[in-house]
Structures are given as C-alpha cells and as structure tokens.
Amino acid sequence: MTDAVIRTRGLVKDYGRTRALAGLDLEVGAGEVFGFLGPNGAGKTTTIRVLMDLLRPTAGEVEVFGRAPAAGGPAQRARIGYLPGELALAPRATAREQLEHLAALRGGRGRDRIVGLAERLALDLDRPMRTLSKGNRQKVGVVQAFMHAPDLLVLDEPTSGLDPLLQREVLDLIREGAAAGATVFMSSHLLHEVESVAERVAIVREGRVVDVDSVRGLRERAGQRVSLTFAEAPAWSDFASIGEVDDLRIAGHTLTCLLHGSPDALLKAAAGHRVVGWTARDRDLEDLFMDVYRFGRDGVNGAKEARDGR
C-alpha cells in the first residue's frame, strides 16, 4: 500500500512481565476508514496510545504520517483528532470552556464548529464536566476530536456510552470526515458498527493482528446459512462432498448447512430430490469474527476441522 498514514512493523509493548503487543503489523492508507477489532484486552487501546505517543514501544517500528510519533511534535498532533477510551477533562469547567480552550491550543481551529457539533449530539455546552453522565462526556470527546477537521481521526470505541440514535450520528460524522479526505482509524469490539463505515478491518488477538480483510471480503467469507426441506429424507452422501458446504446437518426431511461461495453445486445436488421449501440468509459477521478469533485467519476451515475432530 502506498501513502500509508499509519504503519507499524513488529510492534511490541510490555508492561513489566505482561506483553500487551506481541509483534503487531498494520498499514492504513491515506483516506481509508480502517476498523480495528477485538475484545477488551486484545491490545487495541495500547496500540492507539503508542500511535499517539502516549506510550513508547518496547520494540518494533511505528510511523504516523511517515514519522515516528515522538518526532512529529505539535504540528503533527494538530493534524490528528483523538478520542480516547477514557477522556480526562477538568471537572469544574463547562463543556464550552473545555472545547474553547482546546480550540485556542490549536490556534483557533475548530472554534466555529463547536456549537453545530454540540447541537447534532444534543450536548449542553454550559454544564460543568463533573455533572455530565458518561454519555455526555463522550459527546464532548467526539466534538473535540472532530471540530478542527483533522487529517487523521484516531477513535477508541467512539460510540461508547451513547444511545442508538447518537451512535448513528457519530457514524455519520465518521462518514463525513472520510468524504472530506480524512483517514479514520477506529477501534471497536462491535463488528456491526465498524462494518457500516469501514473499508477494511483488522482483527487483533493477544497483541497480534490475526486477520486483515475488506468488509466485502469478510462478508463473502461469512457465507450463508441455508435450509432445504425435501419431500423425502435426503441421503447424507449426496451432499457431503460439496466443497462450498460446511456444517452439514440433516434432521428428518430438512438439510441445513453453511454455504460459502457459489450455490451451484448445492442446487444441482438438491435437484435430484423434490424440494418443498428452502431459506437462505446471510450469516452474521459476528459469527465469522468468533471463528477467526478462535481459529485464526482461516477461521472457516479451522472451525470445520474443530467440528470434525481434526
């Protein structure tokens, strides 16, 4: 990939005897919306803190805009909109005062967008931070990340604590930022959320990236759950050798399976029987995520081998 905005190679971060990152490789292109997925404890927040120079790596390489984060200085930080998982702000100041102060630190950039963003998120700017709920503090974090129209958005669980309507509003802001040319690096443990905005997704496990694919590629690999009901009980042997079929089950007159790729071979095998009913639905990407997380990148085959006892 050319024009990488974020690049890591063999990134390692230890906390004493605990290894949070264990050779993490990433590359995020300019203008890309990139999802960074994994459950809590997988290394997502540690990766983001290293990118933001809030932590220094134990080993490996990391670059943001082609430079080590520590070398970028204030000019590089001004190009980034960062939403941490836990936003620390002065408790007595109002949201307006906090955001005005951040705008002043950026030379006034973004001051003219504060009110409009606050209105979109239903944020009361004149309440002290100490009186705000987690959701309202998150709104302040979203406004400060987006208000200066940064070249790079680094968002750690950006919709955490927000109700579904406001979650959609934040995802709309991400889409708008990307449409204006920003690169977005977005961590989440919610696959459906990332799926709605990202072009590519990385899945991280125990401090390593175990899979990187386009959202479309993940969707194709997830496959379809198919059910066929026949007038008479079908023979297992008629379907067992179909390469695109996994998790084949027959109960009475009904066959169910997981279909990857073309349905042609399955339909040809079914044509030798009288079909009285059928359904096919896209499998949830959450299911594929769990396969990959348990069995590695070749999650489909890994899951199949586990079921077959290999």
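**Stop 1: the largest pocket**

Select Met52, Leu54, Arg77, Ala78, Ile80, Tyr82, Pro84, Glu86, Leu102, Leu105, Arg106 and Gln144: together they line the largest pocket. Before you go on, note that this is a predicted model, where local features need pLDDT of at least 70, side-chain atom pairs count only at pLDDT 80 or more, and totals for chains, interfaces and linings use all residues. Residues are numbered from 1 along each chain as its sequence is written, and side-chain values use heavy atoms, with hydrogens and water left out.

What counts as a pocket? On a 1 Å grid over the protein atoms alone, it is an open set of points where a 1.4 Å probe fits, with protein on both sides within 12 Å along at least five of seven lines; lining residues have an atom within 4 Å of a point.

This one holds about 460 Å³ of space. Colour the lining by type and you get eight nonpolar residues, one polar and three charged. Now show the cartoon: β5 (80–83) and α3 (95–105) each give at least two residues to this lining. (Helices are DSSP runs of H or I, at least four residues, and strands are runs of E, at least two, numbered from the N terminus.)

**Stop 2: the second largest pocket**

Next, select Ala20, Pro39, Asn40, Gly41, Ala42, Gly43, Lys44, Thr45, Thr46, Asp156, Glu157 and His189, which line the second largest pocket. About 210 Å³ of space lies here. Its lining splits into three nonpolar, six polar and three charged residues.

Which helix gives the largest share of this lining? Helix α1 (residues 44–51) does, with three residues.

**Stop 3: along α1**

Stay on α1 and select Lys44, Thr46, Thr47, Ile48, Val50 and Leu51, which are buried (under 20% relative accessible area, with a 1.4 Å probe and protein chains only). That is six of the eight residues in α1, so it is mostly covered. Just after α1, click aspartate 53: its phi is positive, about 65°.

**Stop 4: an open sheet**

Finally, look for four strands in the order β11-β12-β10-β13, forming an open sheet with antiparallel pairing. Edge strands β11 (245–251) and β13 (275–282) each pair on one side only. Two strands pair if DSSP finds at least two bridges between them.

How many bridges join β11 to β12? Five, and β12 (residues 254–259) runs antiparallel to β11. To see the two strands face each other, select valine 245, which stands opposite leucine 259 in β12.

Methods. Points joined across faces, edges and corners; volume = space filled by probe spheres on them. Nonpolar A, V, L, I, M, F, W, Y, C, P; charged D, E, K, R; others polar. Buried < 20%, exposed > 50% of the residue type's maximum accessible area, 1.4 Å probe, protein only.
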